[in-house]
Amino acid sequence: MKSNQKIAVIGGTGKSGTYLVKELLSRNFHVNLLVRNPEKIPEDSHNLTVIIGDVLMENKVEKLIQGCDAVVSTLGLGIPASTPDLFEKASLIILKTMSSFGIKRYILTTGLNVTTPSDQKVKRFCKPLLGWSKCSQFPPKASKMNMNLF
């Protein structure tokens, strides 16, 4: 990615997100950052635009993503933990909004690839959202989106 691009960041005040935002700003990227808690806004930067809201608020996600070249999500459950379906609901909103603006680059870091005996990720995320029968089916063959899942 070129440093003159504008990147939308979701989860940028969390554990890994804070490092991501600092790194993007240090490389002169323009960053749109969605935050729920204004007290967690990182240090001021002329390349940082803060949108206060929640990832489940479609109008805030639209404001965050509009005009961006890519979306990076480090979304986690947060502290205190959000509802277990947060990731599923947020992903639907993010992908729909990206599609409406013609944004094709989505980079996602998540614990989704950590398999436990009781997880339901194939049933709840991979198949309904991405059309995969296994989470190892990456990238999706029919997708027009350029996605990276970490």
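1. Where pLDDT is low, the predicted coordinates should not be read in detail.

2. This is a predicted model, in which local features need pLDDT of at least 70 and side-chain atom pairs count only at pLDDT 80 or more, while totals for chains, interfaces and linings use all residues. Residues are numbered from 1 along each chain as its sequence is written, and side-chain values use heavy atoms, with hydrogens and water left out.

3. For the protein chain the mean pLDDT is 77, with 67% of its residues reaching 70 or more. Confidence is highest in helix α2 (residues 58–65), at a mean of 98, and lowest in helix α4 (residues 121–130), at 51; helices (H or I, at least four residues) and strands (E, at least two) are DSSP runs, numbered from the N terminus.

4. Strand β1 (residues 6–10) is largely enclosed by the rest of the structure, because four of its five residues are buried, that is, under 20% relative accessible area with a 1.4 Å probe, protein chains only.

5. Strands pair if DSSP finds at least two bridges between them. β1 pairs with strand β2 (residues 30–35) in the parallel sense over five bridges, and isoleucine 10 stands opposite leucine 34 in β2. β1 also runs parallel to strand β4 (residues 70–73), joined by four bridges, with valine 9 opposite valine 72 in β4.

How values were computed: pLDDT is the predictor's confidence in each residue, from 0 to 100. Buried means under 20% relative accessible area, exposed over 50%, partly exposed in between (1.4 Å probe, protein chains only).
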